[in-house]
Amino acid sequence: MRVMVCVKQIPDPASPYELDPDTHFLQRPADQVLDDTDRYGVEMGLMIAEQTEGSVTLVSMGPSGNLQGIRQALAMGADKAVVVDDPSLRGADTLTTARVLSGAISREGFDVVIAGTESTDGYSGVVPQQIAEFLEVPALTFAKKVELDGGTIRIERQTEYGYDIVEAPTPVVITVTAGVVEPRYPTFKGIMAAKSKPIDQVTTSELGVTVDTGQQIISIRPAPERTAGEIIEDDGDAHLRIIQLLEQAKVI
Amino acid sequence: MAVNTTWVFVEEQDGKPAAISLELLTKARTFGGELSAILLGAGSEDLFAELGRYGAAKVYHLTPDERLPTAAAAAAIAELVGTHEPDLLLFGLTSTDRDVAGRLSARLGKPVISNAVEIGVDGDDVTVTNEIFGGAQLVDTVFRAGAPFIVVARPKSFPAEPGAGDGATPDLIPVELPAVGQAGGAVVTGRHVEQQEGPQLEEAAIVVSAGRGLGSVDKLAVVEELAGLLGAAVGATRAIVDADWVPYSRQVGQTGKTVKPDVYIACGLSGAMQHLVGMKDSKMIIAINKDEEAPIFGVCDLGIVGDVHKVLPKLVEALKAR
């Protein structure tokens with residue numbers, strides 16, 4: 001099967017994020033990392049490709065920087081990547097993002113599209129569904145387990161009350177939760193191979209997508225702060241202080 | 001134009017409207033104008049009447065078949081939008097709501113703003129507020145494309161309160177779920193409902209949450225015992241849900257549930273941004289963690305720098321002795 005995996009490069013979550021004070025856009029350093037939640041999608045894609053003698057193509061939109069995050073996913077074993085980096089896409093909304101990604105996906109051709117349920121820097125969590133609608137295929141979402149049964153994909157779809165078993169024939173979009181599979185670590189060989197794997201950089205005009213962002217950030221302000229409380233070292237009696245507070249709150 | 005018509009998407013869960021939809025109806029009443037519900041699921045007199053009490057004058061009722069209803073529901077709503085031209089469409093941050101809102105946005109070619117914690121209407125402008133950096137900052141975004149505006153809101157952002165008076169029974173408009181070709185090809189073949197012991201996580205007055213700092217799954221027993229003694233619900237971080245210690249239905253945070261209990265007791269969890277957004281509005285937060293640098297200590301009322309394996313058993317014994 002031809003598997004397309006949506007991945008995103010994000011600023012390293014370990015270092016503080018910063019917003020551009022003028023544009024309100026997230027500042028993106030050249031060194032970006034693969035969004036950790038995408039490792040699950042890449043692993044799932046590799047597993048499906050291995051079972052079906054297929055291929056895994058990464059598809060990504062955003063400032064490409066030095067492509068370090070994309071190479072991380074290639075090092076896991078993906079075959080190639082398509083990256084859409086276009087200055088007109090700065091501050092793009094989810095709809096534009098979905099138009100661009102589905103444009104790139106259709107251009108390549110696909111049987112399965114895999115994405116994480118949401119990115120770690122944006123958290124909108126609706127882009128895969130928008131992509132599925134543009135591609136006119138089912139979206140098997142919030143998968144905590146994925147099974148391949150011939151040309152049918154069966155998942156456990158996480159819901160607020162438990163999970164549903166949902167299945168659909170390919171072509172299909174799948175969104176995976178962290179925990180669906182254990183992502184492999186890149187091997188040394190994989191890291192070396194990733195350096196020479198093809199990364200196809202395309203523009204929005206090559207995809208025939210017009211950028212039209214229908215929303216605008218008008219302000220960013222600090223949230224009302226919670227006042228810092230009392231911090232104590234446990235000297236063996238800290239539990240008594242907890243009990244005092246529970247009494248104060250009148251819950252015991 | 002202003003906002004003359006607001007529609008709230010309502011998923012039926014276990015015979016009742018999902019809690020988030022009642023929160024959204026409550027909020028939508030403040031916008032004035034006409035308010036309708038789009039119900040997906042089994043209907044009943046009680047359910048329709050409840051939607052009426054929360055202010056819905058009309059209920060468009062979509063009854064699912066064996067298909068995963070999300071693609072067909074989006075198509076049906078898009079059709080209704082074309083006919084009735086509502087200004088604002090509200091969804092909750094739940095699995096099905098997100099699926100329908102995303103597909104609807106693409107189908108209509110209209111943007112959707114997700115993760116809303118506040119929605120403001122001022123004349124023609126609809127402004128949506130999001131939290132970033134674990135809730136440290138608020139971002140206000142305004143729609144520039146024309147109506148309808150699609151918003152997906154975080155649960156517990158608004159209180160759920162019925163309107164004044166009895167609320168007339170809403171007009172019921174049954175809507176067929178259309179054929180949508182290949183996009184509608186997903187079928188639901190089974191349904192598993194997690195058995196919940198004790199109070200519901202979102203409703204509980206006290207939540208005792210566990211994180212990776214507990215060390216291993218067998219150490220959860222003391223957290224559960226503490227929760228039992230306090231009549232509390234057990235919550236969890238994403239890390240221990242992903243590690244399969246507890247089911248997803250226990251997860252608190254960005255990708256899980258939002259809770260606002262009277263007391264939140266955080267045991268062996270550091271307070272990652274993803275977790276904080278789901279619990280930081282609790283009335284009182286008590287945290288136990290051995291790392292004094294843990295971010296959870298920045299938002300708690302009482303922080304205990306210590307070993308959960310020592311503090312929790314003593315707390316349990318002291319509560320039992322009362």
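Me: How many helices and strands are there in chain A?
Reply: Chain A has 7 helices and 13 strands. Helices (H or I, at least four residues) and strands (E, at least two) are DSSP runs, numbered from the N terminus. This is a predicted model, where local features need pLDDT of at least 70 and side-chain atom pairs count only at pLDDT 80 or more, while totals for chains, interfaces and linings use all residues. Residues are numbered from 1 along each chain as its sequence is written, and chains are lettered from A and ligands numbered from 1 in the order in which they are written.

Me: Okay, and what does the C-alpha trace of chain A span?
Reply: About 65 × 45 × 40 Å along its principal axes.

Me: What percentage of chain A is buried?
Reply: Of its 252 residues, 49% are buried. A residue is buried if 20 or more other C-beta atoms lie within 10 Å of its own, exposed if 12 or fewer, and partly exposed in between, with C-beta atoms placed from the backbone.

Me: Now the sheet. What's the strand order?
Reply: The open sheet has 10 strands, in the order β11(A)-β5(A)-β4(A)-β1(A)-β6(A)-β10(A)-β7(A)-β8(A)-β9(A)-β11(B), and the pairing is mixed. Two strands pair if DSSP finds at least two bridges between them.

Me: Which strands stand at the edges?
Reply: Those are β11 (199–202) of chain A and β11 of chain B. Each has a single partner strand, so one side of each is left without a neighbour in the sheet.

Me: How does β9 of chain A pair with β11 of chain B?
Reply: Strand β9 (residues 162–169) of chain A runs antiparallel to strand β11 (residues 187–193) of chain B, over 6 bridges. Along that pairing, A:E167 stands opposite B:V187.

Me: And β1 with β4 in chain A? Parallel or antiparallel?
Reply: Parallel, over 5 bridges, between β1 (residues 2–6) and β4 (residues 55–61) of chain A. There A:V5 faces A:L58.

Me: Back to the two chains, how many residues does each give to the contact?
Reply: Chain B gives 80 residues and chain A gives 68 residues. Two residues are in contact if their C-beta atoms, placed from the backbone, lie within 7 Å. On the chain B side, the largest share is 9 residues from helix α4 (residues 95–108) of chain B.

Me: What classes of residue are on that side of chain B?
Reply: The side of chain B that touches chain A has 38 nonpolar, 24 polar and 18 charged residues. Ala, Val, Leu, Ile, Met, Phe, Trp, Tyr, Cys and Pro count as nonpolar, Asp, Glu, Lys and Arg as charged, and the others, Gly among them, as polar.

Me: Let's pick a residue. Is B:N289 buried or exposed, and why?
Reply: B:N289 is buried, because 26 other C-beta atoms lie within 10 Å. It lies in strand β15 (residues 284–289) of chain B.

Me: What is B:N289 in contact with?
Reply: Leaving aside neighbours within four places in sequence, the contacts of B:N289 include B:G213, B:L269 and B:I296.

Me: Last one, where is B:D65?
Reply: B:D65 sits in the loop between β4 (58–62) and α3 (70–84) of chain B. B:D65 counts as exposed, because it has 10 C-beta neighbours inside 10 Å.
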